[in-house]
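The following paragraphs lead the reader through one protein model. Please keep the sequence and the coordinates in view while reading.

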Amino acid sequence: MAEPLIGRVIEPLPDSLYRVELDDGHRVLCHYPAGKARLQAVRILPGDRVHVELSAADPGRGRILQRLA
């Protein structure tokens with residue numbers, strides 16, 4: 001598994017999707033999977049910094065692993 005990248009949420013989209021701009025300037029479409037964060041009502045808002053794991057099949061898509069403080 002590759003090292004998670006850090007990015008900033010640009011805009012929320014429907015169905016738990018987010019547009020994230022990585023620190024290197026690339027923009028990716030990310031989803032936020034269900035799990036403990038969803039159960040604990042962690043909200044992701046525009047401007048939040050997040051850890052992102054990119055998909056090996058499509059580098060334009062990824063998964064938000066964690067919201068940074």
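Predicted model: local features only at pLDDT ≥ 70, side-chain atom pairs only at ≥ 80, totals over all residues.

Leaving aside its neighbours within four places in sequence, with which residues is His51 in contact? The partners of His51 are Pro4, Leu5, Ile6, Arg63, Ile64, Leu65, Gln66 and Leu68, where contact means heavy atoms within 4.5 Å. His51 itself lies in strand β4. The C-alpha atoms of His51 and Arg63 are separated by 8.5 Å, and the two residues are twelve apart along the chain.

Residues are numbered from 1 along each chain as its sequence is written, and side-chain values use heavy atoms, with hydrogens and water left out.

The protein chain contains one helix and five strands. Along the sequence, the elements follow the pattern β-β-β-α-β-β. Two strands are said to pair if DSSP finds at least two bridges between them.

Strand β1 covers residues 5-13 and strand β4 covers residues 49-54; the two pair in the antiparallel sense over four bridges. Within this pairing, Ile6 stands opposite His51, and Ile6 is also one of the contacts of His51. β1 pairs with β2 as well, in the antiparallel sense and over six bridges, and here Arg8 stands opposite Glu21 in β2. Strand β2 (residues 17-22) is joined in turn to strand β3 (residues 27-31) by five bridges, and these strands run antiparallel. Arg19 stands opposite Leu29 in β3. Between β3 and strand β5 (residues 61-67) there are three bridges, and these two strands run parallel; Cys30 stands opposite Gly62 in β5.

Two of these pairings are hairpins. The hairpin of β2 and β3 has four residues between the strands, and Gly25 in the turn has a positive phi of about 100°. The hairpin of β1 and β2 has three residues between its strands. Most residues other than glycine have a negative phi. In the loop between β1 and β2, however, Asp15 has a positive phi near 65°, and Ser16, in the loop between β1 and β2, has a positive phi near 60°. How exposed are these residues? Asp15 counts as exposed because its relative accessibility is 72%, whereas Ser16 is partly exposed, with a relative accessible area of 26%. For these terms, buried means under 20% relative accessible area, exposed over 50% and partly exposed in between, with a 1.4 Å probe and protein chains only.

What does the interior contain? The largest nonpolar core has eleven residues: Val9, Tyr18, Val20, Leu22, Val28, Cys30, Tyr32, Ile44, Val50, Val52 and Ile64. Such a core is a set of buried Ala, Val, Leu, Ile, Met, Phe, Trp, Tyr and Cys residues joined through side-chain atoms within 4.5 Å. β2, β3 and β4 each supply at least two residues of this core, and β2 gives the most, with three. Val20 belongs to the core; beyond four places in sequence, the residues that Val20 touches include Val9, Val28, Cys30, Val50, Val52 and Ile64.

The overall dimensions complete the description. With 69 residues, a compact globule would have a radius of gyration near 11 Å, and the chain agrees with this at 11 Å; the radius is taken over C-alpha atoms, and the globule rule is 2.2 Å times the number of residues to the power 0.38. Along the principal axes, the C-alpha atoms fill a box of roughly 30 × 25 × 25 Å. Of the 69 residues, 25% count as buried. The chain exposes about 4700 Å², of which carbon and sulfur atoms supply 52%; accessible areas come from the Shrake-Rupley method with a 1.4 Å probe, and for residues only the protein chains shown count as cover.
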